[in-house]
Amino acid sequence: LGSRKVASIQLASVDLAASCKINGSKGDRESRSKGDRVKQVTVSHLSDGQWSEEVLEAEVVVLAVGINAMKLITANSPELAAQSDFAAVANLRGVDVMAVRLWFDRKVIGMSNVSNVGAGFDTSTGFTFYDLNKLQEEYADEAGSVVEVDFY
């Protein structure tokens, strides 16, 4: 996340737990009529070559991960695997995506479209260039181009 986004998230009383491994979860069955709502997550952090475990309690837990990671989390958490919403994740297919943002010191010439799809350097990989100066208001007045490239 960009520093501006992290700052605005922290101001909203949200704690971010990045670069950690999820070991388990517990829910609150009273909060939803269809199964548990995750209220507690046990995570491990790697620091100086040692894993330390921590229990995080929250009103809401957001797992911002891709499908493949969510499948692993669900498979390793009996509490989640017992819920139909999470068990259904095993049936989903996904594509790993890598997004790169490039900040140029001047405007890029030749991007006539706000999104430009490309392929051909590999049979199973594609990419899209996005002109964020035209797509997102926060970059409209930048002196140089801000381009995002998504590889999938």
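## Alanine 69 and helix α2

Alanine 69 is partly exposed, as its relative accessible area of 31% shows. This residue of the predicted model belongs to helix α2, which covers residues 67–75. Its C-alpha atom is separated by 10.0 Å from that of aspartate 96, a residue 27 positions away along the chain.

## Overall make-up and confidence

The chain contains five helices and seven strands. Read from the N terminus, the order of elements is α-β-β-β-α-α-α-β-β-β-α-β. Of its 152 residues, 22% count as buried. The accessible surface is about 11,000 Å², and carbon and sulfur atoms hold 52% of that area. Among contacts with a separation of 6 or more, 38% join residues 24 or more positions apart.

The mean pLDDT of the chain is 77, and 78% of the residues score at least 70. By element, the lowest mean pLDDT, 50, falls on helix α1 (residues 3–11), while helix α5 (residues 132–135) has the highest, 93. Over residues 30–34 the pLDDT stays under 50, and the model gives this stretch five contacts beyond four places in sequence. Where pLDDT is low, predicted coordinates should not be read in detail.

## The largest nonpolar core

Eight residues form the largest nonpolar core: Val38, Val41, Val43, Met70, Ile73, Leu80, Phe86 and Val89. Strand β2 (38–47) and helix α2 are the elements that supply two or more residues to this core. The largest share, three residues, is from β2. In soluble globular proteins, nonpolar side chains tend to be buried together.

Methionine 70 is one of the core residues. Leaving aside residues up to four places away in sequence, methionine 70 touches Leu63, Val65, Leu80, Phe86 and Val89.

## Serine 44 in strand β2

Strand β2 also includes serine 44. Serine 44 has a relative accessible area of 7% and is therefore buried, the cut-off for that class being under 20%. Beyond four places in sequence, serine 44 is in contact with Cys20, Lys21, Asn23, Trp51, Ser52 and Glu53.

## Salt bridges

Three salt bridges are present in the structure. Side chains of opposite charge can pair when their charged atoms come close. One of the bridges joins arginine 101 to glutamate 148, with the closest N and O atoms 2.9 Å apart. Because arginine 101 lies in strand β4 (residues 98–103) and glutamate 148 in strand β7, this pair ties together parts that are 47 residues apart in sequence. Arginine 101 is partly exposed at 34% relative accessibility, whereas glutamate 148 is buried with a relative accessible area of 14%.

Another bridge links aspartate 105 and arginine 106, where the closest N and O atoms are 3.7 Å apart. Aspartate 105 is exposed, with a relative accessible area of 63%, and arginine 106 is also exposed, at 58%. Lysine 134 and aspartate 131 form a further bridge, with an N to O distance of 3.7 Å. Here lysine 134 is exposed at 52% relative accessibility, but aspartate 131 is buried, with a relative accessible area of 7%.

## Aspartate 150, a buried charge without a partner

Strand β7 (residues 146–151) holds aspartate 150. Which side chain of opposite charge is nearest to aspartate 150? The nearest is that of arginine 101, 7.3 Å away. Arginine 101 itself is paired with glutamate 148, which lies in strand β7.

Not counting residues up to four places away in sequence, the contacts of aspartate 150 are Val97, Met98, Ala99, Gly126, Phe127, Thr128 and Tyr130.

Methods: Residues numbered from 1 in each chain as written. Predicted model: local features only at pLDDT ≥ 70, side-chain atom pairs only at ≥ 80, totals over all residues. Heavy atoms only, no water. Helix = DSSP H or I, 4+ residues; strand = E, 2+ residues; numbered from the N terminus. Buried < 20%, exposed > 50% of the residue type's maximum accessible area, 1.4 Å probe, protein only. Lys, Arg positive; Asp, Glu negative; His and termini not counted. Salt bridge = Lys/Arg side-chain N within 4 Å of Asp/Glu carboxyl O. Contact = heavy atoms within 4.5 Å. Areas by Shrake-Rupley, 256 points an atom, 1.4 Å probe, with all protein chains shown as cover. pLDDT = per-residue confidence, 0-100. Core = buried A, V, L, I, M, F, W, Y, C linked by side-chain atoms within 4.5 Å.
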